[in-house]
Amino acid sequence: MDLTCGATLARTPGPLAPAPGAPRPDTVPGPRPTPPSDRGTGGDDGSGTAPTTDPRTDSDAGTAPGTGTTPGTAAPGTGTAPGTGTAPGAGAASGSGTAPGTSVAPGSGMAPGRGATSGRGTAPGTTAAPGPATTTPAPAPGSGPRPGARPPSRRRPRAEGAGDVDGGYSGDTAGGVGTVAAGPDSAPPALTRPAVTELRLSAFAGRRRAAYALAPVTLFAGPSGSGKSTVLGAYEALARLGAGEPLGEVFPRPADLVPDSARPDAQGRRGFRIGCTVDGPVGPVRIDLAVQAHPDLRIVGERLTRHGRTLLTTALRDPGRATVQAAWLTAGATPVTRAPLPDDLLGTALLPLRVAGATQGQREVLAAAEQAVVGLRSLFPCAPEPERMRAPVLPGEGRLLRDCANLAEVLHRTHTDCPRRHQRLAVVAGAGCAGPVTGVGTQGLRDGTVRALLARGARPATPLSRLGAGELRYLALALTLLTGPGVLAMDRIAEVPDAMQCLTLLADDLDRGLDDRQTTALLDLAAAIAADGHIRLAGAVGGRAADRARRTPGVTVVDLTP
């Protein structure tokens, strides 16, 4: 298999309703998709074949190469949640099936305003992808497979191991847009707020064919070199791509992420593959990426699926152009819309700017893409640096930075704007700081700066500059758990109410500098906060903290090995 995700798209006739005698959508025949091929990215054979531009179809996906799919193969429950229209002014791609004069309900507009083709209602300053959108006409009647027919299978045996990906991403597309394949994502939605519930490192650095489920509080444990930072780094990379950052900024050293066993092909090309699942109101939505790292960094394949139904695929067609050919479900007068997209941006994040939402298929694509983008963007990496937190700071916006250097500024704001949270922080501080703590406050200095203090009752207050490194890290991490996106320096999703968002905190070396008492108090706080469903935690810890975490209800520990 190749890396391009470049399969021939299934050409379904317009109506979504099943044809007479056609199998039900949830019983479409076909074996489970094959495990991901590591060819070109550290595969089992170690061949390291780089992405090719030849589209091929995996027969395991329920569609024989070159044939159409059964009409009406949409999975049950594919209706979209209200308000999944595009941002105002986002015109439909050419040929997308939008009737003249159709009004589009205002959507979330959550995709970043970059990379969309010009002339499609995008915000000023967006990068135009060359070339018009095209559509795939419906095939002649009777060109699809016989109802109930089972295509021949060329399935590979699944490798054993708890970390293997069942039905994961391969270089070839498992079926075309609109194809339904059996898989683990047909379960009903488990979350009311979008959140990343699984990470897949199919071929990424030292991880191959690995999948990690993410609970509300998930801690990765293992010896040095076991890959804890690699897993969290993949999560942050996906989040940054979801926020619209270019590939080169997200992966400044892509060659370090190519598996060692991946050998270059005749053109010297190598790459890696990662993906995730975002669960939420519309059910589990999967994103899988194939990235070419050498000689040029570019996304050569992307797939967006929901309930096993392929909604978007991209593939590299012309290596000489900085674009990939994208195809997304329309299910209207034309079943599929095709258009070029930039090869350095996540295509899923661009869909709300490109899809009008005029047909059932377009609304399904929008609902899945917007849920995925919201789930990815709702991430705040927190890495407190105690030595940067000691000095007084100037009052400002009051949004906590990644290194928490402006902790005093944020405490000055929460003392006024969030009195209940601030009061709870004082109680939490007493559980992790030495000596009695009756409150957390701030003091203005003559030079206009502010510093933070711990109130000690009848005793003099203690400036934070005099606290130990572990105490400062504990306070900063506790503050992030007690606040929300409005208090953190992150890419806020203003179009979505805070009550409908679920913030995920990413904390590598969570227990660094903390003693047992502080670790226990922080884990208890994280479990209690996560139970409300608004905040989740993904972090990495050492052995002692992992042992305590295993005894903490509501905390999941994932043990990694080198």
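Is Arg-209 buried or exposed? In this predicted model, Arg-209 is buried, with a relative accessible area of 6%. The residue belongs to strand E3 (residues 207-213), and its phi, near 50 degrees, is positive although the residue is not glycine.

**Backbone features in loops**
- Ala-331 lies in the loop between strand E9 (323-329) and strand E10 (336-342), and its phi is near 55 degrees, a positive value in a residue other than glycine.
- Ala-331 is buried, as its relative accessible area is 11%.
- A cis peptide bond, with omega near 5 degrees, leads from His-294 to Pro-295; Pro-295 is placed in the loop between strand E6 (285-294) and strand E7 (298-306).

**Three-stranded sheet**
- Three strands form an open sheet in the order E12-E13-E14, and their pairing is antiparallel.
- Strands E12 (439-444) and E14 (459-463) are at the edges with a single partner strand each, so one side of each has no neighbour in the sheet.
- On average, neighbouring strands of this sheet are turned by 35 degrees against each other, direction ignored.
- Strand E12 is joined to strand E13 (residues 450-456) by six bridges, and Gly-444 stands opposite Val-450 in E13.
- Helix H5 (residues 407-417) packs on the sheet and touches E12 and E13, its direction making about 65 degrees with that of E13.

**Helix pair H6 and H8**
- Helix H6 (residues 419-432) packs with helix H8 (residues 516-530) at an angle of about 150 degrees, the axes being 8 Å apart.
- Residues of H6 in this contact include Arg-424 and Val-428, while those of H8 include Arg-517 and Leu-525.
- The contact of H6 with H8 comprises five nonpolar, three polar and two charged residues.

Note on methods. Residues are numbered from 1 along each chain as its sequence is written. This is a predicted model: local features need pLDDT of at least 70, side-chain atom pairs count only at pLDDT 80 or more; totals for chains, interfaces and linings use all residues. Side-chain values use heavy atoms; hydrogens and water are left out. Two strands pair if DSSP finds at least two bridges between them. Helices (H or I, at least four residues) and strands (E, at least two) are DSSP runs, numbered from the N terminus. Axes are lines fitted to C-alpha atoms, for helices over the stretch in contact, and angles run from 0 to 180 degrees between N-to-C directions. Contact means heavy atoms within 4.5 Å. Ala, Val, Leu, Ile, Met, Phe, Trp, Tyr, Cys and Pro count as nonpolar, Asp, Glu, Lys and Arg as charged, and the others, Gly among them, as polar. Buried means under 20% relative accessible area, exposed over 50%, partly exposed in between (1.4 Å probe, protein chains only).
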